[in-house]
Amino acid sequence: MSRSHTTSGGNLATLLAEAAADAPGRPALLHDGQRIVYAELDTLAARAAGALRDRGVRPGDRVALALPNRPDFVAAYHGALRLGAIVVPINPLLSEREQHERIADADARVVVSGPLDGAPVDGVAGITGDDVAVVLYSSGTTGSPKRIELTHAGLRLNAEYVAYDALQLHKDDVLFGSAPLAHVFAMTGCMNAALAARACLALVERFEPHAALDLIEHGHVTVFMGVPAMCVALLATGRSAPLRLAHIGGAPLAVETLHAFEERFGTTVLEGYGMTEVGGMATSNHAGRERKPGTVGTPAAGGQVRIESNGTGEVLLLSPTIMRGHDGWLATGDVGYLDDDGYLHLVDRKKDVILRGGYSVYPREIEEVLFAHPHVYEAVVLGVPDERLGEEVVALVVPADPACDPVELQAYARERVAAYAYPRRVVLVDDFPRSATGKILRREIDREALRTHS
Ligand code: AMP
């Protein structure tokens with residue numbers, strides 16, 4: 001991949017127009033069997049800008065996009081940026097109350113929920129790199145959502161970094177884009193990185209593993225972008241399809257899944273670690289460098305990582321792409337450590353660490369052990385209130401097989417983790433509460449109902 005595309009000057013609003021000038025006839029989007037080339041997508045964005053201007057949108061106004069992963073999203077997003085407006089993507093899978101909360105908090109002038117078609121707007125409003133381009137709300141797996149303002153310079157840098165450095169995308173790549181564009185992983189990692197690379201983004205409104213595999217085969221997808229739960233679901237189909245690369249992030253990826261995925265799809269899995277606060281990727285295993293399964297790689301986009309204390313502790317991040325209004329190191333709420341080669345190992349979320357008696361138990365470690373058992377489809381380990389110990393370790397398991405036996409699973413874990421850490425109870429469940437992006441919402445699991453009396 002050539003770096004000659006880096007002409008940004010920190011402006012996200014010119015990304016699409018530059019791609020269209022550079023590669024007008026190349027496919028930019030694939031949706032529902034239709035290809036849209038760059039020149040056409042650029043026109044759609046110019047027309048969306050016209051329609052927004054007719055609806056009174058001026059530079060600095062907030063435009064909420066309540067749209068699924070369709071070409072209208074891409075056109076409205078880049079159309080609004082062209083006017084100098086600030087985009088507020090809203091995941092349409094959120095409840096109505098959650099959507100309204102965000103729209104009200106952002107004070108959006110317009111809410112877009114369908115295609116926009118007006119007289120095309122030429123050119124791009126005067127914008128500086130420090131101007132806010134996008135307002136996002138962190139997915140809030142541990143608390144109520146927080147408003148995060150991301151700048152033109154930060155978002156453009158992150159997208160270009162993903163495209164050129166971390167994943168080294170080619171212009172003939174086709175990226176699988178089913179993670180919601182309203183979330184930073186897909187917004188930067190799929191949509192804007194694909195534009196930066198002049199690659200094609202295959203847009204999928206809702207993930208379904210068989211349909212995904214059909215698209216990978218027939219749409220000639222080369223790069224799978226997704227969250228670990230998608231990998232698990234694709235593996236469970238028993239099917240295969242050729243992939244050049246897979247970039248997985250957003251939640252912990254079990255090493256077992258990584259290896260199984262690589263083997264089945266004949267591909268390389270690069271795990272990354274991102275967050276809304278940095279507008280995309282924070283660290284990643286990089287194409288062209290050693291990739292280390294079980295790690296989230298090395299810092300991305302000119303950032304730095306430090307651990308709060310010696311050894312294992314809270315991960316602190318310094319990044320040029322960090323949200324506006326934040327100076328210095330960002331406390332991520334994630335716990336991890338750096339190995340001798342500077343690769344980051346994430347151990348858990350700080351709030352998920354279980355304090356059992358005098359011991360810290362990292363749920364993820366036990367989840368990985370359970371996950372390696374062939375009868376386990378998914379597992380969540382958490383601390384439940386316990387009179388004597390403060391917290392007790394309980395595992396909730398979604399079985400992969402009707403023969404799944406909680407007693408056997410407990411014995412299996414007991415042989416493999418510390419005596420203080422194995423789950424004292426294993427409970428079989430059908431599924432877990434999840435956020436609109438598919439992340440498991442641990443805080444919504446009723447811990448009181450699982451209370452133990454030791
Ligand atoms: P969000 O801002 O919604 O993207 O959530 C960011 C959080 O997702 C991070 O702080 C991590 O807790 C989690 N996360 C992202 N990528 C990974 C990963 N590869 N492994 C484990 N957790 C991750």
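Helices α3 and α6 are roughly perpendicular to each other, a term applied to angles of 65 to 115 degrees, with angles under 35 degrees counted as roughly parallel, over 145 as roughly antiparallel and the rest as oblique. The model is predicted, with local features requiring pLDDT of at least 70 and side-chain atom pairs pLDDT 80 or more, while totals for chains, interfaces and linings use all residues. Residues are numbered from 1 along each chain as its sequence is written, and side-chain values use heavy atoms, with hydrogens and water left out.

The axes of helix α3 (residues 71-82) and α6 come within 13 Å and cross at roughly 80°. Axes are lines fitted to C-alpha atoms, for helices over the stretch in contact, and angles between N-to-C directions run from 0 to 180 degrees. From α3, the residues F73, V74, Y77 and H78 take part in the contact, and from α6 M187, M191, N192 and L195; contact means heavy atoms within 4.5 Å. Six of these residues are nonpolar, two are polar and none is charged. In this division Ala, Val, Leu, Ile, Met, Phe, Trp, Tyr, Cys and Pro count as nonpolar, Asp, Glu, Lys and Arg as charged, and the others, Gly among them, as polar.

Helix α6 (residues 184-197) also packs against helix α5 (residues 152-166), at an angle of about 75° and with the axes 8 Å apart. Helices α5 and α6 are therefore roughly perpendicular to each other. On the α5 side the contact involves L155, N158, A159, E160, V162, A163 and Y164, which meet M187, T188, G189, N192, A193, A196 and A197 of α6. The residues of this contact comprise nine nonpolar, four polar and one charged.

The secondary structure of the chain comes to 11 helices and 23 strands. Helices (H or I, at least four residues) and strands (E, at least two) are DSSP runs, numbered from the N terminus. Nine of the strands form an open sheet of mixed pairing, in the order β2-β1-β9-β8-β10-β11-β12-β13-β14. Two strands are taken to pair if DSSP finds at least two bridges between them. The edges of this sheet are β2 (34-37) and β14 (298-299), each of which pairs on one side only.

Six of the eight residues of β12 are buried, so that the strand is mostly covered, where buried means under 20% relative accessible area, exposed over 50% and partly exposed in between (1.4 Å probe, protein chains only). Helix α5 lies across β12 (268-275), β13 (280-284) and β14, and runs at about 40° to β13. Helix α8 (residues 228-236) lies across β10 (223-226) and β11 (245-248), at about 120° to β10.

A further open sheet consists of four strands with antiparallel pairing, in the order β15-β16-β17-β18. Strands β15 (304-307) and β18 (344-349) each have a single partner strand, so one side of each is left without a neighbour in the sheet. Neighbouring strands of this sheet are turned against each other by 50° on average, direction ignored. Five bridges connect β17 (residues 330-338) with β18 in antiparallel fashion, and L338 stands opposite L344 of β18.

Strand β4 (residues 86-89) is covered on both faces, with I86 and V88 buried on one side and V87 and P89 on the other. Strand β3 (residues 62-65) runs parallel to β4 and is joined to β4 by four bridges; A64 stands opposite V88.

Residue A46 lies in helix α2 (residues 38-54) and counts as buried at 8% relative accessibility. Leaving aside residues up to four places away in sequence, A46 touches R82, A119, P120 and V121. The C-alpha atoms of A46 and D122 are 6.8 Å apart, at a sequence separation of 76 residues.

For the chain as a whole, buried residues make up 58% of the 454 residues. Of the contacts with a separation of 6 or more, 65% are between residues 24 or more positions apart. The C-alpha atoms fill a box of roughly 70 × 45 × 40 Å along the principal axes. The radius of gyration is 22 Å, in agreement with the value near 22 Å for a compact globule of 454 residues, as given by 2.2 Å times the number of residues to the power 0.38, over C-alpha atoms.
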